Amino acid sequence: MTVRKINIKLVMKLLLFAVLLTGIGWFALVAVGLWGKPAAVAVVAANPFDTKGTVPYKAGLPVEANFEQIAESDQLLLLVDKASAHFQVINKATGKIWRSYPEPKYWEEETVPNTWKNNLTSPVIIEYVNAKNYKSSSVTAGLIENQGYLENLQVKENGFTVTFALPKVQLKIPIEVRLHKDYVEARILDEGIVEGALSLLNIKLYPLFGAQPSAGQEGYLLLPDGSGSLIHFEADRLMQQLTYNESVYGQDLSYYNENTGRQGITMPVFGLKSGDQAFVAIISEGESFANVYAAPSGAVGRSNWVTTEWQYRKKFFQSVSKSTGEGFYTYSGDKFITNARATRYYPLLPNKSDYAGMAEVYRNYLIQEQGVKPLETNKKDIPLFVDIVGADIEKGLFADSYLKATTTEEATELVRSIYDSGIQHLQIQFSGWQQDGYSTHGGYFPVDKRLGGNKGMKSFISFAHTLDIPVYLTANYTLNTNGDDRFWWRRDGLRNLAGTVLEERGNEDQDAAKFVSPRFYEKVVSADLNSYKSLGADGIYFEDGIGKQVNTDFNSRYSASRAEVVDVQRSILNKSKEVLGSLAANNVNFYALAQIDHVHRLTADYSYDVFISEAIPFAQIVLHGLRTYSLEWSNLRDEFDDELLRSIEYGAYPAYVLSGDKAADLKNSYSYWYYSLNYKDWIDHLRAEYAKTNEALAAVQEQFITGHRTLAPNVKETEYGSDYRIIVNYNQTDYSKDGIIVPAKDFVVIKGGTKP
């Protein structure tokens, strides 16, 4: 019986083997085809970059007559040219067209070399390098220069998909374009990217979308530089070769960063206006790995253009000797991984085609899709924001010296004095309360006994609450200077790609602070929340760290990509707000807005690039009515009168940094080296500024800014709703027009009426 069963099994195996042989033979016949030639399916499987049977991408602009409508919404039409994968977006009400390629009627005047002509007409521009050879240089090119072709363009619901094949560099990039109600979205499908021997550095997808030459047209590029900045169209520009290229959410310290001196990008947004036609773009997914790239006319072609540059690898310094500092620059090996990379392009109607209209679109996006709820207040007066400095340290002969500026008891008198002066809507941020003062990070609790300890702080907060004044405690968990919280820098420090623990050197006399791994400081914040709550604190003021610093962590114990660091910080903010009720942060990246209630010391300036025309309050237009915000501390202004007027123009609330009677002792401290913080010296000044700002802004605390413009040189108008305007005159002489007079170095409020 046993032998019989074995024989049956053997027979079954032989039959199965025969079937397999038959299948293989049949497959071989199919593979070689009737004429003995390999079939296409077998070739593709063996060589994904074989160009046989493909149509090379043609140089030049697409033929406009060949575009086909493939999608429609209530407001827009989407058309595609299947030969080039370029597209058009048409506004149904106005008939205006936004193209993904250069404006045809000006193209014959383009003077760049043919190589760059080919790049500018390509739907994709890539940069790549031979990462195996650290001496090799990167190369930038489009489809034509890489013998490219389109693969499998398919019309889908509301859009199309296509793969850009670049056989010369063995690279394939699948993308998707889809039409939505009021925008078109261009998306890179990372999971389908194919790489060969060379390494992809970055991709610009449809970089010339909406591009326009200067050619006598009034227009500008909008950049998220600082509070927002414009590059006006110019036909003959100085230093034409300059371009703008900066990382969304600021530089990643774990990689090489060129020292441009520019301010970090807090908003993943950009735009372009030409005449009465404009668009605003929002980088809605994958923004942690995105740059904003802008080329004014003359920099790269005659057109003014701005786009998303998607990052896949970055340069870093590989040290070979810590003692000598020797090493070399090379590129990261693995590609940056993210769930999605997408940019939305919102075409604007003619009456909304300016930066205020762009800001409105971004504000609505934050409300509708990012969970940022509009502001609600029951206060008739504006808030005043006061930072109280508890203590700091200075370098001593043998040890650092403790500099006590404001005890909790003195803080009570400080707040009482301001309140009794008639300012009764305050918010307090108490800094330097931790062990050894403001410049010391790690082991924040308990409150330093020299200031009053936990008991003193609890008493101060209780007093403030009797006056309906919230108190936030200032902290920066991204740094550690003392090893507290069980932090050991070799184990828990933030490491760059070369494995080096990153340090921040603020003052040359102070030992460098170590950057903390995000997953480590997540645990520290979580452990501290109940201590904040037990003191009665209304929230944490996260200063210069969480919500602002986004660095990839290569510490193998806590490793986190740039996108994962953003997620870690959001998790911290969510939990902190859940426990404490409210949070604040300074000049925060906008990914944190859903959790942050106040943006402190929001930048009001730009980076002063030679090609940038002017700073604008784009961030403030987006924020007003969503979050309270202040600009730089009022008592540290360089030009007090002009900066006070700018604060009113930008809709910002006053903020002061103050201390007790011993403020002068801080002049030699590591961080607070200011000479005049004594609150008694500032009460009268503070009261006057508050009254002036309250006069302008009290009535519009919950209102959105709906317009901002220049009426005359150094005369600005900010509009709230449809019937409230503030006109600010920075000149030394009065401004007068249409019956409206604005005194020199002053402002007026206009309710109702027609615009001048």
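The face of helix H13 turned away from its buried side carries the exposed residues Asp-684, Ala-688 and Glu-695; exposed means over 50% relative accessible area, buried under 20% and partly exposed in between, with a 1.4 Å probe and protein chains only. This is a predicted model, in which local features need pLDDT of at least 70 and side-chain atom pairs count only at pLDDT 80 or more, while totals for chains, interfaces and linings use all residues. Residues are numbered from 1 along each chain as its sequence is written, and side-chain values use heavy atoms, leaving out hydrogens and water.

The buried residues of H13 are Ile-683, Leu-686, Glu-689, Tyr-690, Thr-693, Asn-694, Ala-696 and Leu-697. They cover an arc of only 155 degrees around the axis, which puts them on the same side of H13; the arc is that of the directions from the helix axis to the C-beta atoms.

Now to the rings. The whole structure holds 25 aromatic pairs, counted for rings of Phe, Tyr and Trp (its six-membered ring) with centres within 6.5 Å; planes under 30 degrees apart are stacked, over 60 edge-to-face and the rest tilted. Here are two of them:

| Pair | Centre to centre | Between planes | Class |
|---|---|---|---|
| Tyr-362 and Phe-590 | 6.2 Å | 10 degrees | stacked |
| Phe-520 and Tyr-558 | 6.0 Å | 75 degrees | edge-to-face |

Tyr-362 is buried at 1% relative accessible area, and Phe-590 is buried at 4%. Phe-520 also counts as buried, at 7% relative accessibility, as does Tyr-558 at 10%. Elsewhere, ring pairs link Phe-87, Tyr-206, Phe-209, Phe-279 and Tyr-345 into a cluster.

Note on methods: Helix = DSSP H or I, 4+ residues; strand = E, 2+ residues; numbered from the N terminus.
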